[in-house]
Amino acid sequence: MPNDRRGFLRGLALTGAVAAMPWRAFALDAGGARALIDRSLGEVYQVINSGQPAPQMYQQFEATFARYADVDVIARSALGPAARQAGAAEFAAYRQAFQGYIGRKYGKRFREFIGSRIEVTGARPLKSFYAVTSVAYLNGRAPMEVEWHVSDRSGQDLYFNIIIEGVNMLASERAEIAAMLARRQGDLAALTADLQQAG
């Protein structure tokens with residue numbers, strides 16, 4: 001799969017992506033899960049087609065990610081074992097930096113796909129959460145199947161993962177963050193500082 005298509009859709013997920021976790025759905029149903037993804041994509045495309053300068057677009061992508069994604073779960077999963085060792089304040093700083101990093105990183109990809117669309121096609125229970133299926137139509141490229149994982153574990157409906165043509169996007173983010181942390185000898189504060197500037 002070409003890197004530009006993968007990068008774009010990874011951005012949508014994280015504006016997603018966790019191996020299946022033993023979460024329990026409560027009031028969430030297929031309609032609610034599907035509506036969440038529809039709303040999220042609607043906001044993303046409003047930003048894409050707004051014609052705003054890049055910095056403002058990135059800020060809005062970050063805000064959309066924060067509204068519809070389970071940022072805490074995604075940030076913890078991306079950080080891996082180091083998340084369990086971090087203090088509350090240290091993790092909070094990393095989480096905020098991670099959120100901004102995602103907004104900038106994938107916001108750059110979004111701007112390359114003006115005029116594309118993703119159609120939500122259905123939703124079904126999967127283990128203890130819901131899988132929302134969709135098809136991405138990118139200009140000049142073959143359609144791609146995209147699956148979003150939605151849970152209400154946090155107390156509201158949020159997506160926490162995306163699977164694109166069998167590729168687990170949060171697993172990819174986890175590998176990237178792990179490599180970044182390793183290059184900083186496990187120093188989470190240094191990683192946080194770098195994430196504030198990266199993307």
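Does A63 count as buried, partly exposed or exposed, and what is its relative accessibility? A63 counts as partly exposed, because its relative accessibility is 30%. Buried would require a value under 20%, and exposed a value over 50%. Keep that residue in mind as we walk through the chain. The model is a predicted one.

Start with the overall layout. The protein chain has 8 helices and 5 strands. From the N terminus on, the order of elements is α-α-α-α-α-α-β-β-β-β-β-α-α. The chain holds 199 residues, and 50% of them count as buried.

Now go to helix α3. This helix covers residues 54-68, and A63 sits in it. Helix α3 has 15 residues. From first C-alpha to last, α3 reaches 21 Å, close to the 21 Å expected at 1.5 Å a residue.

Which residues of α3 are buried? They are A54, M57, Y58, F61, E62, T64, F65 and Y68. An α-helix has 3.6 residues a turn, so residues three or four places apart point the same way.

Next, move along the chain to Q99. This residue is found in helix α6, which covers residues 88-110. Q99 and A63 are 36 residues apart along the chain, yet their C-alpha atoms are separated by 8.9 Å. Which residues does Q99 touch, beyond those up to four places away in sequence? Q99 touches E62, F65, A66 and V71.

A general point first. Most residues other than glycine have a negative phi. K127 has a positive phi of about 55°, although it is not a glycine. K127 lies in the loop between β1 (117-126) and β2 (129-137). With a relative accessible area of 70%, K127 is exposed.

E165 is the second stop. Its phi is positive as well, at about 50°, and E165 is not a glycine. Find E165 in the loop between β4 (158-164) and β5 (167-168). E165 is partly exposed, because its relative accessible area is 43%.

Finally, turn to helices α7 and α8. A pair of packed helices is described by the angle between their axes and the distance between the axes. Helix α7 covers residues 169-183, and helix α8 covers residues 188-197. They pack at an angle of about 120°, and their axes are 9 Å apart. The crossing of α7 past α8 is right-handed. Which residues make the contact? From α7 come I177, M180 and L181; from α8 come L188, L191 and L195. What kinds of residue are these? The contact has 6 nonpolar residues, no polar ones and no charged ones.

Is R184 buried or exposed? R184 counts as buried, because its relative accessibility is 18%. Leaving aside neighbours within four places in sequence, R184 is in contact with A190, L191 and D194. L191 also belongs to the contact of α7 with α8.

Key: Residues numbered from 1 in each chain as written. Predicted model: local features only at pLDDT ≥ 70, side-chain atom pairs only at ≥ 80, totals over all residues. Heavy atoms only, no water. Helix = DSSP H or I, 4+ residues; strand = E, 2+ residues; numbered from the N terminus. Buried < 20%, exposed > 50% of the residue type's maximum accessible area, 1.4 Å probe, protein only. Axes fitted to C-alpha atoms, helices over the stretch in contact; angles between N-to-C directions. Left-handed = near helix turned anticlockwise from the far one by under 90°. Contact = heavy atoms within 4.5 Å. Nonpolar A, V, L, I, M, F, W, Y, C, P; charged D, E, K, R; others polar. Expected span 1.5 Å × (residues − 1).
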